[in-house]
2 protein chains.
Amino acid sequence: MHETAQILRDKKIRPTLTRLAVGEVFFKSFDHPSAEDMVSKLKKVSPCISRATVYNTLELFVKKGLASKRALKAGGVIYDPVVSPHHHFLDKESGKIYDIPWDLAKLPGKIDLPGFEVEDYYLVITGKKTRRTNGTQQKNGRNAQ
Amino acid sequence: MHETAQILRDKKIRPTLTRLAVGEVFFKSFDHPSAEDMVSKLKKVSPCISRATVYNTLELFVKKGLASKRALKAGGVIYDPVVSPHHHFLDKESGKIYDIPWDLAKLPGKIDLPGFEVEDYYLVITGKKTRRTNGTQQKNGRNAQ
DNA sequence: GTTCGTGCAAACGGTTTGCAACAAT
DNA sequence: ATTGTTGCAAACCGTTTGCACGAAC
């Protein structure tokens, strides 16, 4: 199955070889990679891929709704193939980020702030991870919610 | 009144001239300055202050509980003299950040995540600001909550 | 005299930009 | 022809580090 090509075509992104390679790796990256992480992963597969192209492609994915981009910790932004609403837990010891399903935090359905037009909101939760859970496994990137 | 000196002494920070200058400016900075913003502000007052010292001092303030440090948007961390719990609204057009009082969002008193030891949590709200409010005025940095 | 605080410049890491070549329309 | 895509290197910007000097303990 050429799922990645289909995902790109659905979003009117021309499925070039480079973009297929980026997509192929990114859409299964549930470890909240930075752009530089993605460059590393991709260099292993396709050694002469360009840093600039990876950055461009990730930004393109964000623009087209195939990725979300979050500033959660100092020193760089992370990209997430899960675009449905969810929260993030940041382990202060390891620096690892875990997805937290939206309804685990009992938030009000909408947030009304006089003077502000709210587009999006999410929790950033910090602390320490205690047990191994499946916290980061969430494969509903482009379908759910 | 030498309020700044007292704040520092209370936290066992030796109130050197440099730190007084940083504190004097920082403790009234309710505009969510980056470290580099603080360097600029301080260079106006005290032109030969060192970049490294400003960075060091801000980190010291964070460590001593006089500042909070947040990654809210790409391209750098911001420092906030308001250390009591509150949320942040990020205006996507202007890039400006506004403090949102804790109880404006009706959050549950605590968040229970099996497998995680929750230390801190807060909302990041994005959108557009519509009206001028006093959203960013909140002078209860070291006292409230 | 050992640690702490400061300034300066260089280094560093993540990201963006400029440019040249090529492919698709 | 014009636009879109890619790679490469250089530039850029926020932050950290190394070092030297002076002040405080």
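Predicted model: local features only at pLDDT ≥ 70, side-chain atom pairs only at ≥ 80, totals over all residues.
User: Which residues make H3(B) meet H4(B)?

Analyst: B:Ala35, B:Glu36, B:Met38, B:Val39 and B:Leu42 in H3(B) meet B:Arg51, B:Val54, B:Tyr55 and B:Leu58 in H4(B), where contact means heavy atoms within 4.5 Å. These residues divide into seven nonpolar, no polar and two charged.

User: What makes B:Thr57 count as buried?

Analyst: Buried means under 20% relative accessible area, exposed over 50%, partly exposed in between (1.4 Å probe, protein chains only). B:Thr57 is at 3% relative accessibility, so B:Thr57 is buried. Within H4 of chain B, a polar atom of the B:Thr57 side chain lies 2.6 Å from the backbone oxygen of B:Thr53. Not counting residues up to four places away in sequence, B:Thr57 touches B:Arg19 and B:Val22.

User: And why does A:Ala5 count as buried?

Analyst: The value for A:Ala5, in helix H1 (residues 3-10) of chain A, is 8% relative accessibility, so A:Ala5 is buried too. Leaving aside neighbours within four places in sequence, A:Ala5 is in contact with A:Pro15 and A:Leu20.

User: What should I know about the numbering and the values?

Analyst: Residues are numbered from 1 along each chain as its sequence is written, and chains are lettered from A in the order in which they are written. Local features need pLDDT of at least 70, side-chain atom pairs count only at pLDDT 80 or more, totals for chains, interfaces and linings use all residues, and side-chain values use heavy atoms, leaving out hydrogens and water.

Key. Helix = DSSP H or I, 4+ residues; strand = E, 2+ residues; numbered from the N terminus. Nonpolar A, V, L, I, M, F, W, Y, C, P; charged D, E, K, R; others polar. Polar contact = N/O pair within 3.5 Å; in protein donor to acceptor, adjacent residues only side chain to side chain.
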